[in-house]
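My plan is to jot down what I look up as I go.

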There are 4 protein chains.
Amino acid sequence: MLIIMQTEATQGEISVVVERVERNGLKAHLSQGEERTVIGVVGDGRTIYQDQFLHLPGVDRVIPISRPYKIASREFIPQNSMFPLDGVKIGDRGILLIAGPCSVESRSQLLETAHAVREAGAHALRGGAFKPRTSPYSFQGLGEAGLELLAEAREITGMPIVTEIMAPEHIPLLTQYADVLQVGARNMQNYALLNAVGESQHPVLLKRSMMASVEELMMAAEYILSHGNRRVMICERGIRTFETSTRNTTDINAVPVLKSLTHLPVLLDPSHSTGHWEYVSAIARAGIAAGADGLIVEVHNHPSQAMSDGAQSLKPERFAEMVIQVRAVAEAVGRSLDPIS
Amino acid sequence: MLIIMQTEATQGEISVVVERVERNGLKAHLSQGEERTVIGVVGDGRTIYQDQFLHLPGVDRVIPISRPYKIASREFIPQNSMFPLDGVKIGDRGILLIAGPCSVESRSQLLETAHAVREAGAHALRGGAFKPRTSPYSFQGLGEAGLELLAEAREITGMPIVTEIMAPEHIPLLTQYADVLQVGARNMQNYALLNAVGESQHPVLLKRSMMASVEELMMAAEYILSHGNRRVMICERGIRTFETSTRNTTDINAVPVLKSLTHLPVLLDPSHSTGHWEYVSAIARAGIAAGADGLIVEVHNHPSQAMSDGAQSLKPERFAEMVIQVRAVAEAVGRSLDPIS
Amino acid sequence: MLIIMQTEATQGEISVVVERVERNGLKAHLSQGEERTVIGVVGDGRTIYQDQFLHLPGVDRVIPISRPYKIASREFIPQNSMFPLDGVKIGDRGILLIAGPCSVESRSQLLETAHAVREAGAHALRGGAFKPRTSPYSFQGLGEAGLELLAEAREITGMPIVTEIMAPEHIPLLTQYADVLQVGARNMQNYALLNAVGESQHPVLLKRSMMASVEELMMAAEYILSHGNRRVMICERGIRTFETSTRNTTDINAVPVLKSLTHLPVLLDPSHSTGHWEYVSAIARAGIAAGADGLIVEVHNHPSQAMSDGAQSLKPERFAEMVIQVRAVAEAVGRSLDPIS
Amino acid sequence: MLIIMQTEATQGEISVVVERVERNGLKAHLSQGEERTVIGVVGDGRTIYQDQFLHLPGVDRVIPISRPYKIASREFIPQNSMFPLDGVKIGDRGILLIAGPCSVESRSQLLETAHAVREAGAHALRGGAFKPRTSPYSFQGLGEAGLELLAEAREITGMPIVTEIMAPEHIPLLTQYADVLQVGARNMQNYALLNAVGESQHPVLLKRSMMASVEELMMAAEYILSHGNRRVMICERGIRTFETSTRNTTDINAVPVLKSLTHLPVLLDPSHSTGHWEYVSAIARAGIAAGADGLIVEVHNHPSQAMSDGAQSLKPERFAEMVIQVRAVAEAVGRSLDPIS
């Protein structure tokens with residue numbers, strides 16, 4: 001941490017800041033420029049409240065130097081974190097494909113879709129039983145009945161299940177059915193939930209909020225990791241910008257940025273990040289080309305009858321085409337869609 | 001709802017859409033232009049899933065005409081919703097002033113601050129006992145001990161208490177201590193929480209998420225209202241934009257926009273919406289000038305020792321100056337800071 | 001400027017950076033922390049190219065400490081810059097009201113509107129003769145014929161004229177007719193134009209681009225000031241954000257921020273910053289409450305017949321009401337709409 | 001165009017709107033719903049000013065149905081527009097690679113870089129002689145001397161030249177030296193400049209403004225096309241968002257969106273869209289995977305000595321690696337870097 005003094009700060013004001021730094025158990029190192037003094041704080045600034053210096057007279061700005069997260073950072077764990085799911089070692093050179101409907105709607109819908117995506121090459125099945133919906137009047141998911149259908153689909157197809165968790169009290173129920181707990185974008189800063197999934201020690205797919213910075217996403221992952229749960233995947237799913245021709249703006253830059261900052265696997269959700277099925281394949285290819293470790297894609301056997309996200313869901317045959325294209329790009333960048341032993 | 005067909009849509013495709021509209025129990029009204037056909041849907045489009053039409057062949061776009069919220073709208077309830085708090089009839093021409101520290105940190109901190117803001121003219125006391133923090137390593141609040149201090153401050157100063165709720169399971173505890181439950185920005189789309197505070201029938205202060213559109217804020221209010229809880233205030237607290245000279249961008253436009261859309265009281269939080277104490281008074285004045293029904297302001301007896309939000313907290317004497325300025329502006333726009341019998 | 005080295009930077013890498021600093025005629029001051037070294041650069045960093053250090057091995061980040069603008073800053077000129085226009089000393093405690101149509105469309109439209117706004121209390125007349133339009137098929141303004149109408153309106157009403165300049169080659173023509181040259185939002189970073197209006201020594205109204213940061217706005221002002229032209233007003237007119245309920249988002253925070261950063265007068269354009277006439281008065285009041293030195297407002301004698309910006313133009317009678325409200329708020333904050341001798 | 005009436009609109013108000021539609025030479029088609037009336041306007045709404053209806057009593061909203069651009073649209077010209085440059089038929093399945101320094105700084109800098117990028121596989125050379133810089137105190141380019149160096153580089157390497165134009169009066173000079181005129185992001189809505197390059201009939205590379213929507217970018221292209229100049233390439237170069245971990249946010253979605261909207265070639269500039277050389281290759285690969293027709297990349301023989309954009313410039317050897325990666329991805333999506341006869 002650096003404390004930048006105002007140009008007109010007095011020696012007395014500087015002394016007060018230095019004293020405050022030392023009272024926090026850290027050391028102050030003065031650098032007197034022509035115009036102003038900069039106070040370097042030596043020690044782990046993460047452990048103290050940095051804004052406390054802002055109200056001291058003569059202080060202009062406080063600049064953090066160290067990153068605010070630790071366990072999530074590549075500085076702390078240089079090697080990629082890996083864990084297995086359905087034969088794919090997530091975090092290794094394999095690419096993880098998760099596919100399925102937005103919501104579980106019925107037995108036939110789920111099973112037809114599950115069979116189709118499995119055949120096309122998906123490794124895991126997504127499907128929501130508890131749905132966060134903008135409107136209280138919209139379909140809110142089948143609840144436990146949906147979980148039972150997911151369990152049946154897993155049994156039949158062999159695919160592990162990824163499903164969303166919306167509240168800490170659902171942990172006991174959901175961990176019975178889900179192989180991976182998805183924390184949705186709207187709950188990325190629901191700290192009660194992050195703590196609960198951290199405690200659960202269950203694999204987690206953490207989606208970036210549509211308005212969270214990369215650093216805040218890293219901090220959300222840190223919440224989970226700080227409970228000892230290391231099986232966390234993070235997922236870019238589009239951010240909110242001024243552009244309205246797509247539902248969100250895919251922050252494709254976040255893929256290489258996250259890969260440089262963290263050892264955790266980085267996935268992309270091209271369905272939400274575009275909002276239109278026409279663009280999903282192009283952005284899926286782009287994500288893999290940029291270095292993503294996997295994709296999560298919405299597929300529905302009859303998108304025009306979907307009860308949510310129909311506009312961005314692929315039909316099974318288009319998903320199959322997408323997989324072929326993604327496979328070609330994956331190979332071009334030295335990755336593979338096949339389970340690696 | 002309007003369904004815009006593509007320029008090259010066939011009669012057959014149009015018929016399929018019309019049939020689908022009717023299967024949903026609504027009526028279709030065709031408008032055949034030179035270039036394309038527009039299908040007007042007659043009936044309450046809020047009750048059906050509008051995206052279902054997007055995947056039908058020949059459909060270009062679906063345009064909602066009615067607003068997606070109902071109970072929250074001024075069309076539904078034209079008169080301002082009013083309810084009393086500490087002698088101020090919220091929603092009437094009086095201005096509600098809520099002030100206090102970000103977090104409850106200690107007895108002396110809370111009581112000193114409470115006395116000071118009461119003397120300066122505040123009507124209610126804010127203070128967090130459970131704190132949502134970006135970092136898992138930051139101070140997370142005193143919990144129930146903090147609530148007890150708030151209760152003591154209420155007893156001594158007579159001010160009602162506004163405090164944040166972070167999880168549904170805290171409802172029984174918090175409703176014992178809090179006069180108003182605050183739903184924070186990060187939880188604006190935590191639907192489990194919205195449903196719970198709706199059920200509680202307790203007064204609610206709902207803060208806009210930094211990433212939520214005005215319409216999404218209205219939908220979050222609708223969640224609470226749909227449970228029969230009508231004592232809801234909504235609060236603009238700054239949105240996230242590209243500008244970095246302030247912590248957030250105060251969406252001052254949202255004040256008159258919300259006042260035109262809803263009968264609910266509209267507050268402004270100039271502390272979070274600027275992030276710097278230097279700008280708080282200017283934006284507090286602006287909020288009242290633009291038509292806000294109240295303010296919620298962070299005040300700390302020693303901001304430089306605050307454990308959170310020190311940079312945006314006013315010292316008591318500056319808060320007192322702010323109240324004088326706000327009072328003058330309130331009177332200029334025909335409002336008042338005094339309790340109205 | 002501070003150069004933050006990577007945690008693993010070697011002594012050799014540090015030496016190369018120090019050498020480079022000194023080759024630029026500046027001094028380096030090392031601050032060796034536990035984790036990393038920070039190099040403070042002593043001297044005027046504005047004169048050198050700071051990114052040159054980013055490619056040197058071992059460098060993590062470069063943090064500028066001084067602001068990149070000089071003449072525009074309050075540190076350089078602490079007192080408000082003032083200059084007279086129609087009896088209002090711009091920059092003093094008076095509030096400047098500029099009003100008129102978006103485009104000059106006809107003699108009767110301009111004169112009727114001019115008379116009406118003058119009577120309501122406006123000090124200067126706005127009106128575009130050369131219009132920047134998003135579509136090449138839209139009305140592009142009357143050109144010189146429009147300027148002649150503006151000159152006539154000035155003669156009849158006594159109001160000075162504010163009109164937009166779109167290209168450097170128009171300077172000789174426009175300076176004959178206009179009392180103030182307006183640089184529009186879309187041209188805020190048209191440097192050829194900024195240099196030309198700087199050279200002209202004519203008063204300038206510089207509008208913030210809808211996606212420019214406050215710092216970039218200050219730099220655009222610096223371009224003009226660096227040519228010796230000190231009669232510059234800057235104007236907030238709304239920024240582009242994700243919110244779509246209004247055309248732009250009024251960055252009301254920018255008003256106190258700019259007032260603290262610069263000695264130049266700061267205006268607000270509530271017509272463009274909202275895009276809907278219903279919200280113009282509320283935001284005009286908010287701007288004055290927040291400390292703005294003036295307003296520029298679109299008024300049209302028949303908005304429903306306007307050839308541009310009809311949706312955000314006030315009718316004359318509504319403008320007159322707005323002036324009454326703004327006058328009350330101005331007085332509440334110790335300002336005045338009356339010319340001050 | 002659709003005109004949505006308010007729920008409480010009267011028959012008289014509806015008649016006034018219908019009359020106004022007909023006075024504009026168009027036809028009105030009424031659709032009376034349960035709650036409100038929608039008036040469909042039949043005819044080419046692009047030719048009239050749509051906002052004129054907003055001020056009529058009883059009108060709620062006006063919704064444009066047709067796109068506001070014409071010549072730029074794929075509806076107007078379904079086939080890809082193609083034109084040759086250095087043996088690459090731009091717009092065909094070949095991928096165009098433009099590379100070179102941000103600014104022309106010296107003979108040795110330009111020639112060394114030019115040779116290196118040519119050898120690595122670039123088809124055209126970029127280099128700025130007139131530079132738009134945020135600060136008036138920064139290096140502004142070598143001007144005509146820079147153009148002469150570019151001409152020499154062309155003669156020696158055979159590569160066509162792409163260079164930026166900042167003002168209409170530079171057209172005669174620049175068209176002597178440049179094979180392609182680049183309109184930079186800051187000038188995307190400098191209409192005087194768009195008209196001038198349209199008139200020039202010279203090939204144009206039009207960069208998206210960091211604040212422009214896809215539709216505004218299309219309208220800027222329409223300005224140029226409307227002068228009969230059909231040799232226009234458009235270029236995504238990153239938009240401005242809240243995210244600060246990269247200089248801009250690459251709007252990768254814009255690539256497939258633009259390819260569906262327009263017949264013009266679509267390029268990507270991964271240097272500006274990321275702002276950090278570490279991420280340039282990943283985003284270059286992503287752009288090609290998403291369907292871009294080419295790339296424009298900043299390369300400098302000694303980035304740490306660059307006078308502008310050093311942080312985002314690749315060293316020649318890294319550019320060569322990038323080309324190898326891009327070639328593999330191009331082939332995976334059925335494209336090629338080789339000139340096609």
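Entry 1: The model is a predicted one, so I kept its limits in mind: local features need pLDDT of at least 70, side-chain atom pairs count only at pLDDT 80 or more, and totals for chains, interfaces and linings use all residues. Residues are numbered from 1 along each chain as its sequence is written, chains are lettered from A and ligands numbered from 1 in the order in which they are written, and side-chain values use heavy atoms, with hydrogens and water left out.

Chain D puts 48 residues into the contact and chain C puts in 49, where contact means heavy atoms within 4.5 Å. I found two salt bridges across this interface (a side-chain nitrogen of Lys or Arg within 4 Å of a carboxyl oxygen of Asp or Glu). C:Glu216 and D:Arg240 form a salt bridge at 2.6 Å, N to O. On chain D's side, α5 (191-200) and α6 (214-225) each give at least two residues, and α6(D) has the largest share with four. These helices are DSSP runs (H or I, at least four residues; strands are E, at least two), numbered from the N terminus.

**Entry 2: symmetry.** How is chain D superposed on chain C? A rotation of 180 degrees with 0.1 Å of shift along its axis does it, RMSD 0.0 Å, so the two copies are related as by a two-fold rotation axis. D:Met211 is the residue of chain D closest to the axis, 2.6 Å at its C-alpha. I also noted that 100% of chain D's interface residues are interface residues in chain C too, so the copies meet through the same surface.

**Entry 3: chains A and C.** Next I checked chain A against chain C: about 1900 Å² buried, 59% of it on carbon and sulfur atoms. The contact takes 22 residues from chain A and 21 from chain C. I counted zero salt bridges here.

**Entry 4: B:His202.** I found B:His202 in the loop between α5 (191-200) and β11 (204-207) of chain B. Is B:His202 buried or exposed? It is buried, at 17% relative accessible area (buried is under 20%, exposed over 50%, partly exposed in between; 1.4 Å probe, protein chains only). Its side chain reaches the backbone oxygen of B:Ala178 at 2.6 Å.

Note on methods
Copies are superposed by least squares on the C-alpha atoms of residues with pLDDT of at least 70 in both. A polar contact is a pair of N or O atoms within 3.5 Å; within protein, one must be able to donate a hydrogen and the other to accept it, and residues adjacent in sequence count only if both atoms are side-chain atoms. Buried area is the accessible area (1.4 Å probe) that two parts lose on being put together, summed over both.
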